[in-house]
Amino acid sequence: MQRKCKNYLVFYRESVGLTRQQASTALNISCESLRDFEYGRRPDEAYIRDMVRVYRNPLIVLDYFMETDLWKDYLPEIDTKEEITMTTLKLQSYGEYFDDHLKDLKHIACDGVITTDEYPILNKIGQGAKVYAGPILQLIFQAMKKPHGAGTHKGA
């Protein structure tokens, strides 16, 4: 998923059939500014929001976010090219992990207060949740992809 800024911004613009001139008009920026964004200058968040709207693809935000190291502090690594079969298997195995810890989580949550002795248990469950978030996010991003065409499902 780690792509250079120029690659993903050009890819998303071209995926909706816009020339740089058409996109710059829709984004209300100069053609030169858009070219600069596509070839290395990092756009600010306001431009990214506009690009999501104009290019009709929220995955731009993920690419923008993943160009920094900040995502590593909050999210697991996400492979948006992973096959849905593997994602499904991961979700199933991680679901079993949460089934094993659901009783502890309910106990911690029932009084609305996390005590000193409950915190290590919650932290362990939270670390599991971070791992579980990867396949969930992968599934979300797979659902956002445009279909490759009718009848491409292996079971079809």
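Which residues does Glu 118 touch, not counting those up to four places away in sequence? A few notes on this predicted model, starting there.

1. Glu 118 touches His 107, Ile 108 and Val 113 once residues up to four places away in sequence are set aside. You'll find Glu 118 in the loop that runs between helix H7 (84-109) and helix H8 (119-144). His 107 sits 11 residues from Glu 118 along the chain, and their C-alpha atoms are 9.0 Å apart. Glu 118 counts as buried because its relative accessibility is 7%, under the 20% cut-off.

2. Next, have a look at Arg 13, which belongs to helix H1 (residues 5-15). Its relative accessible area is 6%, so Arg 13 is buried. The side chain of Arg 13 makes a polar contact of 2.5 Å with the side chain of Glu 38, and it also reaches the backbone oxygen of Leu 18 at 3.1 Å.

3. Now the largest nonpolar core, which has 20 residues; Tyr 8, Leu 27, Leu 34, Met 51, Tyr 55 and Ile 60 touch the most other members. At least two core residues come from each of H1, helix H2 (20-27), helix H3 (31-38), helix H4 (45-55), helix H5 (59-66) and H8. H5 gives the largest share, with 5 residues.

4. Apart from neighbours within four places in sequence, Ile 60 is in contact with Tyr 8, Leu 9, Tyr 12, Ile 48, Met 51, Val 52 and Tyr 55.

Definitions and conventions
Residues numbered from 1 in each chain as written. Predicted model: local features only at pLDDT ≥ 70, side-chain atom pairs only at ≥ 80, totals over all residues. Heavy atoms only, no water. Helix = DSSP H or I, 4+ residues; strand = E, 2+ residues; numbered from the N terminus. Buried < 20%, exposed > 50% of the residue type's maximum accessible area, 1.4 Å probe, protein only. Contact = heavy atoms within 4.5 Å. Polar contact = N/O pair within 3.5 Å; in protein donor to acceptor, adjacent residues only side chain to side chain. Core = buried A, V, L, I, M, F, W, Y, C linked by side-chain atoms within 4.5 Å.
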